[in-house]
Amino acid sequence: MRSVTATGRLICSVGFLVFVGKASPTHAQLGVGTTWVRTDAQGKGITMSLSVCCSGGLRYVYQIPATGNQPAVTMTVDSPMDGTEVPALIGGKPSGQTMAITRVDAHHYSAIVKMHGKPFGTSNGTVSADEKTLTVESVYQGGGQVIKTTETWVRK
């Protein structure tokens, strides 16, 4: 199983990728029913699929491929997209981590990730004007260190 820090960073970063807002007809063309692929070196090959859930919110299903001695993982987050804290499930089971995702506007999103009730990381994302690329900047705290990352996702 992945370490808590690695899993936490993964959840914060991929779980943040909330770029379509509530699933109304206005936002549906931005991503509901689509798949996004992470293209940065650290997360290359991770995919995210979006569908409608939870009274107009979004279900994020992340497929994280096996790497080294780590098995493939499926992570699911059902978010109402209004900043409500929700559990992140790994393999269908609670991971001890939660996410609070907020749609700031049509192209900007923010998320707060907690691990066992304590803040672990924050992310801010921007969808490109052509809605084909998502850039996510995250800050994680763990093991006495602060880690900053930038991710790139491409719509397929």
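This report describes the fold, the paired side chains, the nonpolar core and the surroundings of one serine in a predicted model.

## Overall architecture

The protein comprises two helices and ten strands. Along the sequence, the elements follow the order α-α-β-β-β-β-β-β-β-β-β-β.

Of the 156 residues in the protein, 42% are buried. When contacts between residues at least 6 apart in sequence are considered, 40% of them join residues at least 24 apart.

## Nonpolar core

In soluble globular proteins, nonpolar side chains tend to be buried together. The largest nonpolar core here contains 27 residues. Within this core, Met 48, Tyr 60, Tyr 62, Val 77, Ile 101 and Trp 153 touch the most other members. At least two core residues come from each of strand E2 (47-53), E3, E4, E5, strand E6 (93-105), E7, E8 and E9.

## Aromatic pairs

A pair of aromatic rings is described by the distance of the centres and the angle of the planes.

Phe 120 is buried because its relative accessible area, 5%, is under 20%. Tyr 140, with a relative accessible area of 2%, is buried as well.

## Salt bridges

Side chains of opposite charge can pair when their charged atoms come close. The model contains four salt bridges. One of them joins Glu 151 to Arg 38, with 3.7 Å between the closest N and O atoms. This pair links distant parts of the chain, 113 residues apart: Glu 151 is in strand E10 (residues 145-155) and Arg 38 is in strand E1 (residues 35-38). Glu 151 is buried at 1% relative accessibility, and Arg 38 is buried at 5%. Arg 38 and Glu 151 also belong to a network of salt bridges that includes Asp 40.

Arg 59 and Asp 78 form another salt bridge, at 2.7 Å from N to O. Because Arg 59 lies in strand E3 (residues 57-64) and Asp 78 in strand E4, the pair ties together parts that are 19 residues apart in sequence. Arg 59 is partly exposed, at 32% relative accessibility, and Asp 78 is partly exposed with a relative accessible area of 27%. A salt bridge also connects Glu 85 with Lys 114, whose closest N and O atoms are 3.2 Å apart. Glu 85 is in strand E5 (residues 82-90) and Lys 114 is in strand E7 (residues 108-115), so this pair ties together parts that are 29 residues apart in sequence. Relative accessibility is 42% for Glu 85, which counts as partly exposed; Lys 114 is partly exposed at 24%.

## The disulfide

A disulfide is a covalent bond between the sulfur atoms of two cysteines. The structure holds one disulfide, which joins Cys 53 to Cys 54 with an S to S distance of 2.5 Å.

## Surroundings of Ser 79

Ser 79 lies in strand E4 (residues 73-79). With a relative accessibility of 0%, Ser 79 counts as buried. A polar atom of the Ser 79 side chain lies 3.0 Å from the backbone nitrogen of Met 81.

Leaving aside residues up to four places away in sequence, Ser 79 touches Cys 53, Cys 54, Gly 57, Leu 58, Tyr 60, Val 86 and Ile 101.

Notes
Residues are numbered from 1 along each chain as its sequence is written. This is a predicted model: local features need pLDDT of at least 70, side-chain atom pairs count only at pLDDT 80 or more; totals for chains, interfaces and linings use all residues. Side-chain values use heavy atoms; hydrogens and water are left out. Helices (H or I, at least four residues) and strands (E, at least two) are DSSP runs, numbered from the N terminus. Buried means under 20% relative accessible area, exposed over 50%, partly exposed in between (1.4 Å probe, protein chains only). A polar contact is a pair of N or O atoms within 3.5 Å; within protein, one must be able to donate a hydrogen and the other to accept it, and residues adjacent in sequence count only if both atoms are side-chain atoms. Contact means heavy atoms within 4.5 Å. A disulfide is a pair of cysteine sulfur atoms within 2.5 Å. A salt bridge is a side-chain nitrogen of Lys or Arg within 4 Å of a carboxyl oxygen of Asp or Glu. A nonpolar core is a set of buried Ala, Val, Leu, Ile, Met, Phe, Trp, Tyr and Cys residues joined through side-chain atoms within 4.5 Å.
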